[in-house]
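Here is a short briefing on one protein model. It covers a pocket, a helix pair and a loop residue.

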Amino acid sequence: MKMSSTSAVALCLGFILMSFTGHSYGQLQVGFYREKCLVDVEAIVTQVVAAKFNEDPTIAPALIRMQFHDCFVKGCDASILLDGNNTEKTAPPNLSVRGFEVIDAAKAAVEAVCPEVVSCADIISMATRDVFALINEGCRYDVQTGRRDGLVSLAQNVDLPSPRISVNDSIAAFARKGLSATDMVYLLGGHTVGVAHCSLFQDRLYNFQNTGKPDPTMDPWLASQLRPICPQNPSGSNTVNVDQSSQSSFIFKSYYRQILMNRGILQIDQELALDPLTRSTVQGIAFFSDFRSKFTQAMVKLGAVEVLTGTQGEIRQSCRAINTN
């Protein structure tokens with residue numbers, strides 16, 4: 001049964017009341033800028049993001065991915081935004097990250113009314129919250145703010161979990177960031193609204209673990225659908241939707257139901273449904289859990305990973321460069 005917009009918002013509000021009444025993350029707080037700017041800067045970011053989303057709805061998965069890629073490398077400090085010859089942007093896992101122009105536009109709009117106060121790191125978190133609301137019937141969660149921007153961005157620091165990582169190693173990687181196995185399962189649900197390059201799973205179609213055969217855990221029907229898009233000797237860089245269901249790619253629970261049917265595209269996605277450490281969580285989400293509120297809770301925790309606050313770092317004037325003055 002389709003959930004009404006009112007019900008969806010109520011569930012999100014319920015999460016907000018539970019989350020922020022009893023928990024805080026260091027010096028981050030909801031409404032950090034209320035007394036620092038004469039205007040509602042979060043509303044300004046929301047307006048910019050909504051306008052960009054109306055032009056290109058695929059910016060939603062792009063921004064969700066950007067926050068993950070930023071926070072998982074030296075914390076949520078907007079280091080992924082810095083331009084340069086050897087910055088995080090240039091690392092292979094980040095070459096397909098996009099949405100930088102949305103953050104630039106939001107930063108410019110905020111700087112025009114409240115200069116040198118709002119961090120780029122906070123704008124990433126606000127923008128991610130806003131696109132999530134846009135693809136989830138207005139389900140909007142509060143973002144704690146007060147982050148500051150990092151001064152270091154190096155390609156060699158980028159060590160993101162591989163799509164081929166085992167569940168056990170993935171749990172360990174998330175644990176190093178203060179995130180639980182359950183958080184991991186919910187956050188990987190963000191793959192629902194994403195695409196994957198054929199190179200990330202091509203081995204599963206033709207030569208899984210050097211066996212010369214497809215991955216036996218992939219549904220043969222799915223493999224047959226993917227091979228024409230991802231030929232064994234590709235001439236380009238084709239992509240496919242990570243969620244291959246016939247439903248809207250913005251229906252998050254569909255992702256979990258698909259991997260339970262052995263229709264996961266990425267190896268780590270399929271392993272979530274097979275591994276005893278995570279299978280019961282996947283089943284619970286697919287058929288019983290309120291995904292939206294739990295996903296937003298995990299996103300708030302992700303947004304608090306190794307943040308800079310107080311006098312640490314800086315407030316960049318441009319999100320693409322460290323301040324020079």
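The points below are grouped by topic. The model is predicted. Its largest pocket holds about 1,100 Å³ of space. Helices α7 and α13 cross at roughly 110°.

**Largest pocket**
- The lining of the largest pocket counts 41 residues.
- Closest to the pocket centre are Arg 65, His 69, His 191, Val 195 and Leu 200.
- By class, the lining has 25 nonpolar, 13 polar and three charged residues.
- At least two lining residues come from each of α3 (59-71), α7, β3 (195-197) and α13.
- The top contributor is α3, with six residues.

**Helix pair α7 and α13**
- Helix α7 spans residues 181-188, and helix α13 spans residues 291-302.
- Their axes come within 9 Å.
- Angles from 65 to 115 degrees count as roughly perpendicular, and α7 and α13 are therefore roughly perpendicular to each other.
- On the α7 side, the contact residues are Asp 183, Tyr 186 and Leu 187.
- On the α13 side, they are Phe 291, Lys 294, Phe 295, Ala 298, Met 299, Lys 301 and Leu 302.
- This contact of α7 with α13 comprises seven nonpolar, three charged and no polar residues.

**Thr 58**
- Thr 58 sits in the loop between α2 (41-55) and α3.
- Its relative accessibility is 40%, so Thr 58 counts as partly exposed.
- Thr 58 and Val 195 are 137 residues apart along the chain, yet their C-alpha atoms are separated by 9.7 Å.
- Val 195 is also one of the residues closest to the centre of the largest pocket.

Conventions: Residues are numbered from 1 along each chain as its sequence is written. This is a predicted model: local features need pLDDT of at least 70, side-chain atom pairs count only at pLDDT 80 or more; totals for chains, interfaces and linings use all residues. Side-chain values use heavy atoms; hydrogens and water are left out. Axes are lines fitted to C-alpha atoms, for helices over the stretch in contact, and angles run from 0 to 180 degrees between N-to-C directions. Helices (H or I, at least four residues) and strands (E, at least two) are DSSP runs, numbered from the N terminus. Angles under 35 degrees count as roughly parallel, over 145 as roughly antiparallel, 65 to 115 as roughly perpendicular and the rest as oblique. Contact means heavy atoms within 4.5 Å. Ala, Val, Leu, Ile, Met, Phe, Trp, Tyr, Cys and Pro count as nonpolar, Asp, Glu, Lys and Arg as charged, and the others, Gly among them, as polar. On a 1 Å grid over the protein atoms alone, a cavity is a set of points where a 1.4 Å probe fits but cannot get out, and a pocket is an open set with protein on both sides within 12 Å along at least five of seven lines; lining residues have an atom within 4 Å of a point. Grid points are joined across faces, edges and corners, and a volume is the space filled by probe spheres set on the points. Buried means under 20% relative accessible area, exposed over 50%, partly exposed in between (1.4 Å probe, protein chains only).
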